[in-house]
Amino acid sequence: MATATSCTDQTLAGMTTAQRVGQLFMGGVNAAKPDQAQLRILRDNHVGSVMLTGRSSAGTAATRKIVDGFRGQADRVGGKQVGLVVATDQEGGKVQVLNGPGFSAMPNGVTQGKKSTTMLRAEAAIWAQQLKRAGVDLNLAPVADVVPASLGTRNIPIGSFQREYGNTPGPVTSHTGAFAAGFKQSGVMTTLKHFPGLGQVIGNTDTTANVVDSVTTSTSASLDPFKSGIQAGSPFVMVSSATYNKIDAQHIAAFSPTVIGQLLRGQMGFKGVVISDDIGNAVAVRSFTPAQRALNFTSAGGDMILTVRPDVIPAMAQAIQTRMGQDASYRAKIDASVRRILDAKHNAGLLQCS
């Protein structure tokens, strides 16, 4: 069996530029009834990852059938399929895309945070098995944001939905760790989100522009859950679309070389895949064209672009390809991102080399 590095290198070497760029995207499709036109956009643009969106009550078996239906459209390189990463949002509470026969009704983060870590880890392993049976490889969870008690439900993105594991770094660190460990045990990848934390904001970046955190610094204790999760080997970290005035007031986090390059990669030593929060439909990025969003995120050091709207992918992919043709250092940066994504796929059994 080829090692991850040699398998990744072998696959990367065999890829066209368009195929490489396609690996940088995760496109959303409806979990209950994928739109064929959207699936065609993903296929035509060699998109390497798919997010199941919306709400489905179809259950594990029916979801598996839907997933198996589009898995076959993954690109082939050197006669081998480069498997799709199939992801969803399965946090629990109000944020649970997949429901129905075979899926547990998962409690929200606040309730999960009150369980013992031993209990949460055991339950998370079961929830992960359910996702695995449904054909899902990656959960866009756990939420590592620390919402202070003084803010509570006034924190629209997290607190108002009770998505947080606690109001102080300690319980959030222990419980995100237990959740991730349970998932790892069952062979499903997880994503720490939303770096460097959405606990101190009021507005929701999905529905509001100019969401600002004026509290968090690069040494805040609220970063502890991320630090701990990275040390435990989290394969993905999702970066938020808020602006952190005390870290980089000039850019939203997803477009910030300071947040991604210096803080996440440098200070925290994260070597996995940096994925954006949704930059296809979010109001936080509306003032940028799709092309600008893609270039800003990848130039800042981001690896995988999440868009719940596949229709913006062609413009984004074209912009990246054009820039790669003009700028050798940018091209090297993209190849490094593709390498990280292929490593994650290899580790998850989605990339086979002879």
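Predicted model: local features only at pLDDT ≥ 70, side-chain atom pairs only at ≥ 80, totals over all residues.

Me: OK, cavities then. How many of 30 Å³ or more are there?

Reply: The count is 2 cavities of 30 Å³ or more. A cavity here is a set of points on a 1 Å grid over the protein atoms alone where a 1.4 Å probe fits but cannot get out, and lining residues have an atom within 4 Å of a point. Grid points are joined across faces, edges and corners, and a volume is the space filled by probe spheres set on the points.

Me: What volume does the largest cavity have, and which residues line the largest cavity?

Reply: The largest cavity has a volume of about 40 Å³. Its lining is Val-146, Pro-196, Gly-197, Leu-198, Gly-199, Gln-200, Asp-213, Thr-216 and Ser-222. By class that makes 3 nonpolar, 5 polar and 1 charged.

Me: Pro-196 is in that list. Which kind of peptide bond runs from Phe-195 to Pro-196, cis or trans?

Reply: The bond from Phe-195 to Pro-196 is cis, with omega near -5 degrees. Pro-196 sits in the loop between S9 and strand S10 (212-213). Helices (H or I, at least four residues) and strands (E, at least two) are DSSP runs, numbered from the N terminus.

Me: Where else is there a cis peptide bond?

Reply: Ala-141 and Pro-142 are joined by a cis peptide bond, with omega about 10 degrees. Pro-142 belongs to the loop between strand S8 (138-139) and H7.

Me: And the second largest cavity, what lines it?

Reply: Glu-91, Gly-109, Gln-112, Val-143, Arg-163 and Tyr-165 line the second largest cavity, whose volume is about 30 Å³. The classes come out as 2 nonpolar, 2 polar and 2 charged.

Me: Switching to open spaces. How much space lies in the largest pocket?

Reply: About 790 Å³. A pocket is an open set of points with protein on both sides within 12 Å along at least five of seven lines. The largest pocket is lined by 35 residues, and Met-189, Gly-233, Ser-234, Pro-235 and Asn-347 are the closest to its centre.

Me: Which helix gives the largest share of the lining of the largest pocket?

Reply: H7, with 5 residues. Helix H4 (59-71), H7, strand S9 (189-195), helix H8 (224-231) and helix H13 (328-347) each supply at least two residues of that lining. The whole lining of the largest pocket divides into 15 nonpolar, 11 polar and 9 charged residues.

Me: What about the second largest pocket, which residues lie nearest its centre?

Reply: Asp-89, Val-95, Arg-163, Asp-206 and Asp-277 lie nearest the centre, out of 27 lining residues. The second largest pocket holds about 550 Å³ of space. Strand S2 (49-53) and S9 each put at least two residues into its lining, and by class the lining has 11 nonpolar, 7 polar and 9 charged residues. Arg-163 also lines the second largest cavity.

Me: Back to H7. At what angle do H6 and H7 pack?

Reply: Helix H6 (residues 117-133) and helix H7 (residues 169-185) pack at about 40 degrees, with their axes 7 Å apart. Axes are lines fitted to C-alpha atoms, for helices over the stretch in contact, and angles run from 0 to 180 degrees between N-to-C directions.

Me: Why are H6 and H7 called oblique?

Reply: Angles under 35 degrees count as roughly parallel, over 145 as roughly antiparallel, 65 to 115 as roughly perpendicular and the rest as oblique, so H6 and H7 are oblique to each other. By class, the contact of H6 with H7 has 10 nonpolar, 5 polar and 1 charged residues, where contact means heavy atoms within 4.5 Å.

Me: Last one: where is His-46, and what is its phi?

Reply: His-46 is in the loop between helix H3 (36-44) and S2. Its phi is positive, about 60 degrees, although His-46 is not a glycine.

How values were computed. Residues numbered from 1 in each chain as written. Heavy atoms only, no water. Nonpolar A, V, L, I, M, F, W, Y, C, P; charged D, E, K, R; others polar.
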